Amino acid sequence: MAGFFKIAIRNFLNSPTTDPYPFGETFTPENYRGIIDYTPELCIGCNTCEYVCPSGAIRVREKEDGSGISFSFWLNTCSHCGNCGYYCPTDAVFNSNDFHTARHQSEKFIPTIDDGISYVQCSNCKQKMKRPVEALLARAYEEITEEVRHQTSLCPECRRMKRFERM
Amino acid sequence: MFSKYATKSPWLYRINTGSCNGCDVELATTALIPRFDVERLGCKYTGSPKHADIVLVTGPVTVRSENYLIRMLNEIPDPRVIVAIGICPISGGIYRDSYSIRGPLDKHVEVDVNVSGCPVRPQSILDGVAQAIGIWKDKIKQFHEA
Ligand code: SF4
Ligand code: SF4
Ligand code: SF4
């Protein structure tokens, strides 16, 4: 009986346990996997995220006008599993902390992210190609020399020819 | 006589159309745990579809549950607000394109609010219910004017 009173008095003195949300702020854990965020500057258009997504929420396609690669994300089928962020080689896509997923029906088919990257031109033949991304270069080379810079400005075809000439 | 007060206290009704139980656990959490306490918004869970004002649907509408869902929806009076909880009823989610799925939910009934997530966070459910209450008030107003 004494134990019961102890708990009752303690609970009486404590502040309410109810989370003030939606009338106030709420707590979101650091690692909470919320809505996907995307950084086009880091993306290399490799399609990995689309391939590993279990619910088909991500679509990476060549743009219709051929000027680059589009990235679109449909929130309403994302299971917040975190696969895309885990497998993305440059961390261009990741789970943000945002949990505000309640939307009106009229917004159902609007993609949450509709972005993409543009192609760059090969410095030799002016062919369109995917651009080099610093984050990936830093992982591939110990030191990024002038030579490496020059190589990355070439399309795969020209690079092959240049290497062949050097041999 | 009571219609003025009725707009302040919608009753929630829950339909499970074959969900994995993840979203149902989150719904129960939202309702029963003092930490989230959906009754602060003025609503209350009811056990009967005939009393329902806001209907929370979970699950991808499986072949087995389809008939029950339609029968249940026929019993719910207008005006009502349908809220799809979780990616299952919205788009089929991870069960999309399965042979045993007759979803998504908006094929069977007019949905008003979609709360995506797998499972949905209780805070997001509160968001969704708050939006649904707004829509419900509009619907009640239109209903009385008509
Ligand atoms: S977001 Fe990442 S995984 Fe997806 S295409 Fe871009 S670089 Fe590849
Ligand atoms: S979190 Fe999972 S379901 Fe969502 S987009 Fe990424 S891979 Fe797809
Ligand atoms: S949305 Fe995810 S957690 Fe909710 S019922 Fe469907 S599979 Fe389960």
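Here is a walk through a predicted model, starting with chain A and its ligands and moving on to chain B. Being a predicted model, it is held to cut-offs: local features need pLDDT of at least 70 and side-chain atom pairs count only at pLDDT 80 or more, while totals for chains, interfaces and linings use all residues. Residues are numbered from 1 along each chain as its sequence is written, chains are lettered from A and ligands numbered from 1 in the order in which they are written, and side-chain values use heavy atoms, with hydrogens and water left out.

Let's begin with the overall build of chain A. Its secondary structure comes to six helices and eight strands, where helices (H or I, at least four residues) and strands (E, at least two) are DSSP runs numbered from the N terminus. Read from the N terminus on, the elements go α-β-α-β-β-α-β-β-β-β-β-α-α-α. The radius of gyration of chain A, taken over C-alpha atoms, is 24 Å, well over the 15 Å that the globule rule (2.2 Å times the number of residues to the power 0.38) gives for 167 residues, so chain A is more spread out than a compact globule. Along the principal axes, its C-alpha atoms fill a box of roughly 90 × 45 × 25 Å. Of the 167 residues, 36% count as buried, meaning under 20% relative accessible area with a 1.4 Å probe and protein chains only.

Now for the ligands that chain A holds. Around ligand 1 there are 14 residues, and A:Cys43, A:Cys46, A:Asn47, A:Cys49 and A:Cys88 come nearest; a residue counts as near if one of its heavy atoms lies within 4 Å. That shell divides into 10 nonpolar, four polar and no charged residues. Here Ala, Val, Leu, Ile, Met, Phe, Trp, Tyr, Cys and Pro count as nonpolar, Asp, Glu, Lys and Arg as charged, and the others, Gly among them, as polar. Ligand 2 also has 14 residues around it, with A:Cys53, A:Ser55, A:Cys78, A:Cys81 and A:Cys84 the closest. By class, its shell has nine nonpolar, five polar and no charged residues.

One residue worth a stop is A:Val60, which is found in strand 2 (residues 58-62) of chain A. At 7% relative accessibility, A:Val60 counts as buried. Leaving aside residues up to four places away in sequence, A:Val60 touches A:Asn47, A:Cys49, A:Glu50, A:Ile69, A:Ser70 and A:Phe71, a contact being heavy atoms within 4.5 Å. A:Val60 and A:Cys49 are 11 residues apart in sequence and 8.2 Å apart in space, C-alpha to C-alpha.

Over in chain B, look for helix 2 (residues 22-32). Eight of its 11 residues are buried, so helix 2 is largely enclosed by the rest of the structure. B:Cys23, B:Leu27 and B:Ala31 are among the buried ones, and what covers them includes strand 1 (11-16) and helix 5 (122-145) of chain B. Helix 2 and helix 4 (87-91) each supply at least two residues of the shell around ligand 3. That shell includes B:Cys20, B:Cys23, B:Cys88, B:Cys118 and B:Pro119.

B:Pro119 has something else to show: a cis peptide bond joins B:Cys118 to it, with omega about -5 degrees. You'll find B:Pro119 in the loop between strand 5 (113-115) and helix 5. Chain A has a cis bond too, from A:Tyr21 to A:Pro22, with omega near 5 degrees.

Technical notes:
Buried means under 20% relative accessible area, exposed over 50%, partly exposed in between (1.4 Å probe, protein chains only).
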